[in-house]
Amino acid sequence: MASPAEPLDLPDEAAMLALGGRIAGHVRMGDVIALEGGLGAGKTTLARGILAGLGLAGEAPSPSFAIVQPYDVPEVRLPVAHVDLYRLENAEETEELGLDDYLVDSLLIVEWPDRLGERLWDHALCLTLLDGAQDGRRLTARVPDGWRDRWSQI
Ligand SMILES: Nc1ncnc2c1ncn2[C@@H]1O[C@H](COP(=O)(O)OP(=O)(O)OP(=O)(O)O)[C@@H](O)[C@H]1O
Ligand SMILES: [Mg+2]
């Protein structure tokens, strides 16, 4: 069961990247991080922070056209699939991506996880980005059992 955690205020892009860096310190193979929020909410920015924290040099491209952008050791310390499901129209299309295969040895970061519907994994850490004060963002988390201790340290 996932439970809600205290919201986090992220006043600017630097705060979003820094949060990603802290999350990167806790990720493991087989984790899923689902990034919810509307267009321009900051999902890719948070993913970039995680990737940078895993050692990626340079800015990660948005996967909005590639849909799946994989990263491998040694450019990151753990394999990552960064996925953007925005352009997918139905459950069959998402199934064809074979995302389950990445869970064997990778971290999966998924933008627009609503496209997966019921097929979003139960163990996913679900982070939702909303408008915050001034131009900033506010993050709410639904934290599954496997993340509870880790999230409390973030
Ligand atoms: N915490 C923040 N406060 C203010 N601006 C932010 C914050 N985080 C990210 N941004 C800015 O928001 C803009 C959109 O960010 P980003 O591309 O990460 O959004 P996205 O959710 O991935 O959008 P899309 O749905 O189009 O993929 C960028 O200009 C980014 O710098
Ligand atoms: Mg994006």
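Is Trp 112 buried or exposed? I looked this up before anything else, keeping in mind that the model is predicted. Trp 112 turns out to be buried, because its relative accessible area is 15% and the cut-off for buried is under 20%.

**Entry: around Trp 112**
I placed Trp 112 in the loop between β6 and β7. Its phi is positive, about 55°, although the residue is not a glycine.

**Entry: another positive phi**
I then checked Gln 134, which also isn't a glycine and has a positive phi, near 45°. Gln 134 sits in the loop between β7 and β8. I put Gln 134 down as exposed, since its relative accessibility is 80%.

**Entry: the overall fold**
I found four helices and eight strands. Starting at the N terminus, I read the order as β-β-α-β-α-β-β-α-β-β-β-α. The radius of gyration is 14 Å, close to the 15 Å from the globule rule for 154 residues, so the chain is as compact as a globular protein of that length. The C-alpha atoms fill a box of roughly 40 × 35 × 30 Å along the principal axes.

**Entry: contacts and burial**
I noted that 47% of the 154 residues count as buried. I also looked at contacts between residues at least 6 apart in sequence: 63% of them join residues at least 24 apart.

**Entry: the cores**
Which residues touch the most other members of the largest nonpolar core? I listed Ile 23, Ile 33, Leu 54, Leu 107, Leu 127, Leu 139 and Trp 151, out of 32 residues in that core. Elements that each supply at least two of its residues include α2 (43-53), β3 (32-36) and β8 (137-143). The most comes from α1, with five residues. Apart from this core I found another, of 18 residues, and Trp 112 is among them, as are Leu 103, Trp 121 and Ala 124.

Setting aside neighbours within four places in sequence, its contacts include Ile 23, Ile 33, Leu 46, Leu 139 and Trp 151.

**Entry: a cis peptide**
I came across a cis peptide bond between Val 73 and Pro 74, with omega about 10°. Pro 74 belongs to the loop between β4 (68-71) and β5 (80-84).

**Entry: surface and charge**
The accessible surface is about 7,900 Å², and carbon and sulfur atoms account for 50% of it. I counted 13 positive and 26 negative side chains, with the centres of the two sets 5 Å apart.

Key
Residues are numbered from 1 along each chain as its sequence is written. Chains are lettered from A and ligands numbered from 1 in the order in which they are written. This is a predicted model: local features need pLDDT of at least 70, side-chain atom pairs count only at pLDDT 80 or more; totals for chains, interfaces and linings use all residues. Side-chain values use heavy atoms; hydrogens and water are left out. The radius of gyration is taken over C-alpha atoms; the globule rule is 2.2 Å times the number of residues to the power 0.38. Buried means under 20% relative accessible area, exposed over 50%, partly exposed in between (1.4 Å probe, protein chains only). Contact means heavy atoms within 4.5 Å. Accessible areas come from the Shrake-Rupley method with a 1.4 Å probe; for residues, only the protein chains shown count as cover. Lys and Arg count as positive and Asp and Glu as negative; His and the chain ends are not counted. The place of a charge is taken as NZ of Lys, CZ of Arg, CG of Asp or CD of Glu. A nonpolar core is a set of buried Ala, Val, Leu, Ile, Met, Phe, Trp, Tyr and Cys residues joined through side-chain atoms within 4.5 Å.
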